[in-house]
Amino acid sequence: MNDFQQQALQLAAHQHSPQWLQVLRTEGARTWLHAAWPDRKTELWKYTSLNHLQQQHFKQWAVNDNSWQDKLWQEKKSQVNLIPMEATRLVFVNGQLDSELSTSLPEEVSLFSQADAAAQTLITRHLGQIQNTERNLFAALSNAWVEEGVLLHVPANVKLSKPLYVVHIATATAEAAVSSQRLLLVLDAGAEACVIEHYLSTAEPQNGFLNTLTEISLGDNASLYHSRISLEQEALLHIGGVHANLGRDSSLTGFTLAEGSQLKRIDYQINHRDSGAQYQLDGVYLARNSQFVDYHVNVEHCAPHCTTSEVFRGIVGDSARAVFNGRIHIHKNAQKTLAELSNRNLLTSDRAEIDTKPELEIYADDVRCAHGATISQLDSTAMYYLQSRGISRRQARVMLSFGFINELLYAIPQPEVQDYLQQHLTALFAEGESLLGETEPGSGSVVETGPGTESKV
């Protein structure tokens, strides 16, 4: 057991979690204690180093000192911008609820710390039951650290009147500190909801570690739209997960976007538990400077007549690195499966790197599946076309790079989220050459990966 594993258990011992969560905490701590620490020989962590996590000394939990907004004004920096939308808003600062920035809660939403007997029963029934801690080590840590969290329970045949907007804001602290976030979404048969998770930070260099876990349980014919947006300052360390069980004829549609940091790893674990379930996920990742971002998506088709559609696009510049691993596992009885996975990447620097590995593991004989990945640079013909019409070289680069991901942004059903991300990314591309790059369009080769292949450029 290394130093960070020991620190994590010591931090868990200093929490004051309710007694009804102790069984899960104990199981999580036991799994964490005996787990082998990932290294380059661990397939799921082959391209992802945890050195930044091990080199830091975390001795305390992050707290909200209520002075972070004043500090922004004193330094004449822009305030942290939230998405301006009509929604039930919950804002956590360094893991602690900020009641002034949050709205009142409907009866479908409750905090773990305020859960009544019925909510406690529901939480203990679902919490920690969806994720696979053997495949997702930091889910075990989340169990060991569970103290506060958010429960959304939508009863059968009820549509949530407003989206649930959960915001997590990180601020720098005097000493390196950790935060843990937990979100549990339970939709009974025929229920509908929209949930948006938003992770951001103050502009100052961060010195914390954030471990997050969202669990989703969809009943028969339930429908959920779920967005996960991660836009923190690049020094923050963030490991997160989204784990879901899909019931008969249920539908999970999602969008995820992440900017890189020193360490950012997001795991999706989706389980088709009954026939007719549908899953669709669009994803965008952006890395520049010396940032790193890693998406691992694992889909288990355990029942027939289910559908999966995944589209991920990444732009990587400067000396940044990105990792994408998309695995679709079709079990023997999962006949009539339709599954498609696409990962396209744009490298804007000769020093940038993407490690992409789309995987299909099929044991059924009546399925329709396709997967693949491409790695390329800006198209020289398109650049010439734009410049020949009076558009500057730099603006042409912006238009082509932005257009590479814009298709996925336009598919977001909430106009407020669309506008927010459009404005944010426009400002990001305008900041400098980090994402635009210095390589000549078309100067590098296009690498395509097919079944069972792995590409590293």
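Colleague: What should I know about the model before I start?
Modeller: It is a predicted model, where local features need pLDDT of at least 70 and side-chain atom pairs count only at pLDDT 80 or more, while totals for chains, interfaces and linings use all residues. Residues are numbered from 1 along each chain as its sequence is written, and side-chain values use heavy atoms, with hydrogens and water left out.

Colleague: How many aromatic pairs does a search of the whole structure find?
Modeller: The search finds 15 aromatic pairs, where rings of Phe, Tyr and Trp (its six-membered ring) pair if their centres lie within 6.5 Å, and planes under 30 degrees apart count as stacked, over 60 as edge-to-face and the rest as tilted. The rings of F4 and F209 are 5.7 Å apart at their centres with planes at 80°, so this pair is edge-to-face.

Colleague: Where do F4 and F209 lie?
Modeller: F4 lies in helix α1 (residues 3-13) and F209 in strand β9 (residues 208-218), so the pair ties together parts that are 205 residues apart in sequence; helices (H or I, at least four residues) and strands (E, at least two) are DSSP runs, numbered from the N terminus.

Colleague: And which residues form one aromatic cluster?
Modeller: The cluster is formed by F4, W32, W37, W45, F58, W61, F138, W145 and F209.

Colleague: Is W61 buried or partly exposed?
Modeller: W61 has 23% relative accessibility and therefore counts as partly exposed, whereas F4 and F209 are buried; buried means under 20% relative accessible area, exposed over 50%, and partly exposed in between (1.4 Å probe, protein chains only).

Colleague: What is W61 in contact with, leaving aside its neighbours within four places in sequence?
Modeller: With those neighbours set aside, W61 is in contact (heavy atoms within 4.5 Å) with L11, Q15, W145, A177, V178, S179 and S180. W61 and A177 are 116 residues apart in sequence, yet 5.1 Å apart in space, C-alpha to C-alpha.

Colleague: Switching to the second largest pocket, which residues lie nearest its centre?
Modeller: W61, G95, Q96, E147 and E148 lie nearest the centre, out of 26 lining residues. On a 1 Å grid over the protein atoms alone, a pocket is an open set of points where a 1.4 Å probe fits, with protein on both sides within 12 Å along at least five of seven lines, and lining residues have an atom within 4 Å of a point.

Colleague: Which element gives the most to that lining?
Modeller: That is β7, which gives 6 residues to the lining of the second largest pocket.
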